[in-house]
Amino acid sequence: MKGFRYLKDVATLSLDRTACVGCGMCVTVCPHRIFGLRDQKAEITDFDACMECGACARNCPVDAINVTPGVGCASYIMTVWLSRITGRPVTSDCC
Ligand code: SF4
Ligand code: SF4
């Protein structure tokens, strides 16, 4: 799914590289190939393709990944909804 775009800058995904032990599980399980390995540590290479499924965080053995499934998406939907009520513009790079 390389090239997939979800919503820009709304994902709740975060990575603690200092805690990472470089097992590569996040690289393997992420359906959108968001992680890579550099210097035996995971790194986020395609943040905006994250769909907040939570698979990476569930499979990380040292809890180095944090993501709240669906929150960024829900937040974005609320923002769009509010913008329609208030008349304030919202921009989107949604898929
Ligand atoms: S939450 Fe899902 S899509 Fe996002 S980085 Fe983790 S595995 Fe990939
Ligand atoms: S699953 Fe966790 S420990 Fe393994 S490479 Fe990814 S962030 Fe690092």
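Let's start at ligand 1: the residues in the shell around it divide into 11 nonpolar, 2 polar and 1 charged. Here Ala, Val, Leu, Ile, Met, Phe, Trp, Tyr, Cys and Pro count as nonpolar, Asp, Glu, Lys and Arg as charged, and the others, Gly among them, as polar. That shell has 14 residues, and the closest are Cys30, Cys50, Cys53, Ala55 and Cys56. To be near a molecule, a residue needs its C-beta atom, placed from the backbone, within 6 Å of it.

Before going on, a word on what you're looking at. This is a predicted model, in which local features need pLDDT of at least 70 and side-chain atom pairs count only at pLDDT 80 or more, while totals for chains, interfaces and linings use all residues. Residues are numbered from 1 along each chain as its sequence is written, and chains are lettered from A and ligands numbered from 1 in the order in which they are written.

Now hop over to ligand 2. It has 13 residues around it, with Cys20, Cys23, Met25, Cys26 and Cys60 coming nearest. By class, this shell holds 11 nonpolar, 2 polar and no charged residues.

Stepping back, the protein has 3 helices and 4 strands, running β-α-β-β-α-β-α from the N terminus on. Helices (H or I, at least four residues) and strands (E, at least two) are DSSP runs, numbered from the N terminus.

Cysteine 20, one of the residues nearest to ligand 2, sits in the loop between strand S1 (14-15) and helix H1 (25-29). Is cysteine 20 buried or exposed? It is buried, because 21 other C-beta atoms lie within 10 Å; the cut-offs are 20 or more for buried, 12 or fewer for exposed, and partly exposed in between, with C-beta atoms placed from the backbone. Its C-alpha atom is 8.8 Å from that of proline 61, 41 residues apart along the chain. Setting aside neighbours within four places in sequence, cysteine 20 is in contact (C-beta atoms within 7 Å) with Lys41, Ala42, Val62 and Ala64.

Leucine 13 is in the segment before S1. It has 22 other C-beta atoms within 10 Å, so it is buried too. Leaving out neighbours within four places, its contacts are Ile44, Phe47, Cys50, Glu52 and Val67. Leucine 13 and phenylalanine 47 are 34 residues apart in sequence, yet 7.7 Å apart from C-alpha to C-alpha.

In soluble globular proteins, nonpolar side chains tend to be buried together.

S2 and S3 run antiparallel and are joined by 4 bridges; strands pair if DSSP finds at least two bridges between them. Leucine 37 has alanine 42 in S3 as its bridge partner. The hairpin has 2 residues between the strands, and aspartate 39 takes a positive phi near 55° there. With 7 other C-beta atoms within 10 Å, aspartate 39 is exposed.

Aspartate 63 also has a positive phi, about 55°, although it is not a glycine. You'll find aspartate 63 in the loop between helix H2 (55-59) and strand S4 (65-66), and it counts as exposed because it has 9 C-beta neighbours inside 10 Å.

Terms used: Two residues are in contact if their C-beta atoms, placed from the backbone, lie within 7 Å.
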